[in-house]
Amino acid sequence: MPDRASTTAYSKVSVKSQTVLPPEVRERLSIRPGDRLRYRITPDGIRIDKAPPEGEDPFVAFTEWAGPIDDEDYADL
């Protein structure tokens, strides 16, 4: 089984700022047409993952925990 931590994939950005997710990324994140992605901007870089379906975020009511420091502190939960 390949080491997932060492996998690298590339894609180009078009003149319209669009890109195609490489198959390895789609498979790893279980991305299907119509799914949404979430971009988390942190001091260490950008983390991309599959966004929870709209309306199903259990923390949506806790807006006081919506800052970048909280995102970093709770990223591994």
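Which residues does Ala51 touch, not counting residues up to four places away in sequence? Ala51 touches Arg36, Leu37 and Arg38, where contact means heavy atoms within 4.5 Å. The model is predicted, so local features need pLDDT of at least 70, side-chain atom pairs count only at pLDDT 80 or more, and totals for chains, interfaces and linings use all residues. Residues are numbered from 1 along each chain as its sequence is written, and side-chain values use heavy atoms, with hydrogens and water left out.

**Chain overview**
- The chain has two helices and two strands, in the order α-β-β-α from the N terminus.
- Helices (H or I, at least four residues) and strands (E, at least two) are DSSP runs, numbered from the N terminus.
- Of the 77 residues, 8% count as buried.

**Around Ala51**
- Ala51 lies in the loop between β2 (45–50) and α2 (68–73).
- Ala51 counts as buried because its relative accessibility is 12%; buried means under 20% relative accessible area, exposed over 50%, and partly exposed in between (1.4 Å probe, protein chains only).
- Ile31 is 20 residues from Ala51 along the chain, and their C-alpha atoms are 9.8 Å apart.

**Ile46**
- Ile46 is in strand β2.
- With a relative accessibility of 52%, Ile46 counts as exposed.

**Surface**
- About 7200 Å² of the chain is accessible surface, and 54% of this belongs to carbon and sulfur atoms.
- Accessible areas come from the Shrake-Rupley method with a 1.4 Å probe; for residues, only the protein chains shown count as cover.
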